Amino acid sequence: MKQFVASLLAVMVWAVSTPGVALAQNGPLRIEITEGVIEPLPYAVPDFVGETAAAQQLAQQIARVVAEDLTGTGLFREVPREAHISQITSFGSPVQFADWKAINAQALITGAVSSEGGRIVVKFRVWDVFAGTELGEGMQFAGTPDGWRRMAHKVADQVYSRITGESGYFDSRVVFVSESGPKDQRAKRLAVMDYDGANVQYLTGGNALVLAPRFSENGQRVLYTSYETGMPRVHVLEVGTVQSRILQGQDGVMSFAPRFAPNGQTVVYSLTQGSNTDIWAMDIGSGGTRQLTSAPSIETAPSYSPDGSQIVFESDRSGTQQLYVMSASGGEARRISFGQGRYSTPVWSPRGDMIAFTKQNAGRFHIGVMRTDGSEERLLTASFLDEGPTWAPNGRVIMFARETQGAQGSSSLYTVDISGRNLKRVRTPEGASDPSWGPLQ
């Protein structure tokens, strides 16, 4: 079991530490991080058992989604099903650990699915193969057949959590801007999807330009900027009813870049008056507003700390776009970015320990992270145009938009972990940009 957990702990430590950092675990166990390449942990997911005839296909589909979730993290490597020696034919049968050891599967996930009366039940177990013991206790989830994919994500979240000690992020959704048409006449509409690009649903039509959707802390509302009135205005949309309204504001001025406070009752946003752009806050219930910055410069892209006490934002008050942190009530701000290039779109990690950002330097765009005091800056990506990072609920993965060069260029969503490993594209039916990752459901 020590080897099993240690390899995953090594990944997690390396993701937030510099090479050479060691992690002590209960005395003698000590993991030295000296390389950035970690061998993924081998695991097996045989097809779940279909306990009723109607559940046979669903059992196979659920097992495949669980495997895709785990393998997609880059921390796990699935042992191919054709290499399996044992077959799981009954959820309650004893596990033949020797057969799974023989193919070097260090973890085994078994499950079963039943369907009756318009409901399905998914149950599963996680096994430490080399110790020959169950990791945690068996669990089950119940729901309607059309929610099978979400139940698969819930299983994967539990497996991920039990092995890594971190919370999962698979049972979550992302709101984004879906893009179609040529680059110079692109139609943009809001859409929401599962974290992996499945189950896309459109929230707005394509008759008005929409930008920068942002989930509320509970995932029930979305803020976004719309040009429906001819001028950018902040809208709030109820995801359940797909009804939206314009937030109260000052007529004849531009408001944009909105984001919810953690309490869900306050919105922070940018407002342009004349040639000056400042950050404002609004109480959604009363419509009352207050100005948070008043510098003769452009302040935008505000993002709250998880406890709601601070705001990080971008400003050109020093002559170039840089990142600053101030109290949530406004007042003096301190600069935290000091590297070469320009910094923008800062977003506070849900763990409170890091800030993600977009950086432009020497003709390239990057997604990066830094500590909240600006230290330990690390660039995770580089391309013609990477922008708009958003954090997974567990603060270990970042999603962002990448646009390709040229007249035929298009925008797609990508994810990368905070170590800069495991860069991969998110499958969407059309072009996509401006992602905002919602909470675990």
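Student: In the largest pocket, how do the lining residues divide into nonpolar, polar and charged?
Tutor: Into 17 nonpolar, 11 polar and 11 charged. Charged is Asp, Glu, Lys and Arg; nonpolar is Ala, Val, Leu, Ile, Met, Phe, Trp, Tyr, Cys and Pro; the others are polar.

Student: Is this a predicted model or something else, and how are residues numbered?
Tutor: The model is predicted, so far as its source goes: local features need pLDDT of at least 70, side-chain atom pairs 80 or more, while lining totals use all residues. Numbering runs from 1 along each chain, and side-chain values use heavy atoms, without hydrogens or water.

Student: Which residues lie nearest the centre of the largest pocket?
Tutor: Ala212, Arg214, Thr345, Glu387 and Asp434, out of 39 lining residues. A pocket is an open set of 1 Å grid points where a 1.4 Å probe fits, with protein on both sides within 12 Å along at least five of seven lines; lining residues have an atom within 4 Å of a point.

Student: How much space lies in there?
Tutor: About 790 Å³, taken as the space filled by probe spheres on the points.

Student: Which strand gives the most to that lining?
Tutor: β25, with 6 residues. β25 spans 342–348. Other strands supplying at least two residues each include β13 (210–215), β26 (354–361) and β33 (431–440). Strands are DSSP E runs of at least two residues.

Terms used:
Helix = DSSP H or I, 4+ residues; strand = E, 2+ residues; numbered from the N terminus.
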